[in-house]
Amino acid sequence: AYRAKHAALRRQNRLFDLRFDDAKLGFKICLGRRSVDARRRSTRRRVLVDETFPSCQAFDRLRPHDELVAINGALLIEVDAEAFASLVERLRTLPRPLTLTFAAGEGRERAFALQLRRRAAASSLVQTAPLPVASLPSTPPPRRRRQAADEDAERTQCGLTCFGSAYVCA
């Protein structure tokens, strides 16, 4: 079934291969599920790109919501939480060059635009004068809590439910 789905995605030009030469891959993945429609979620957990960083060799092609479907040609099948942890370690330690195959995710451009807006907002916060350590609040300021809530709402609107994240940067 997975090979047939993979072949169908290839015919639809939704699959793309990316070669990584650097030890640091420059993206963050999560184990997640997609919404099938407004009322139903897929039961299959997928390895989804959660965030990309400018240091990523494929920053111009890889987007949040893209699904990792193969590593060096080997298809990923039924990834659960335990397998996800070992997958992250494999991605960190596999020799380079490394070829990863992704399926273009729905809402990927919208998710990428959100990522860029989040970074722009964060950089404007960083440019303000730093507070002395003794006066730092123990809870995030209301603006940051609101921003985190907005990000969660945006993910839900895009039909993405993540069960945990891991940086894949070696």
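Buried denotes under 20% relative accessible area, exposed over 50%, and partly exposed in between, with a 1.4 Å probe and protein chains only. The model is predicted, so local features need pLDDT of at least 70 and side-chain atom pairs count only at pLDDT 80 or more, whereas totals for chains, interfaces and linings use all residues. Residues are numbered from 1 along each chain as its sequence is written, and side-chain values use heavy atoms, with hydrogens and water left out.

View 1. Ala58 is buried, at a relative accessible area of 5%. Leu18 and Phe20 are touched by Ala58, residues up to four places away in sequence not being counted; contact requires heavy atoms within 4.5 Å.

**View 2. Pairing of strands S2 and S3.** Strand S2 (residues 27–34) runs antiparallel to S3, and six bridges join them; pairing requires that DSSP find at least two bridges between two strands. Val49 in S3 is the bridge partner of Ile29. Seven of the seven residues of S3 are buried.

**View 3. Glu51 in strand S3.** Glu51 has a relative accessible area of 13% and is therefore buried. Its side chain makes a polar contact with the side chain of Arg119 at 3.1 Å. Beyond neighbours within four places in sequence, Glu51 is in contact with residues including Phe27, Pro64 and Arg118. A polar contact is a pair of N or O atoms within 3.5 Å; within protein, one must be able to donate a hydrogen and the other to accept it, and residues adjacent in sequence count only if both atoms are side-chain atoms.

Notes
Helices (H or I, at least four residues) and strands (E, at least two) are DSSP runs, numbered from the N terminus.
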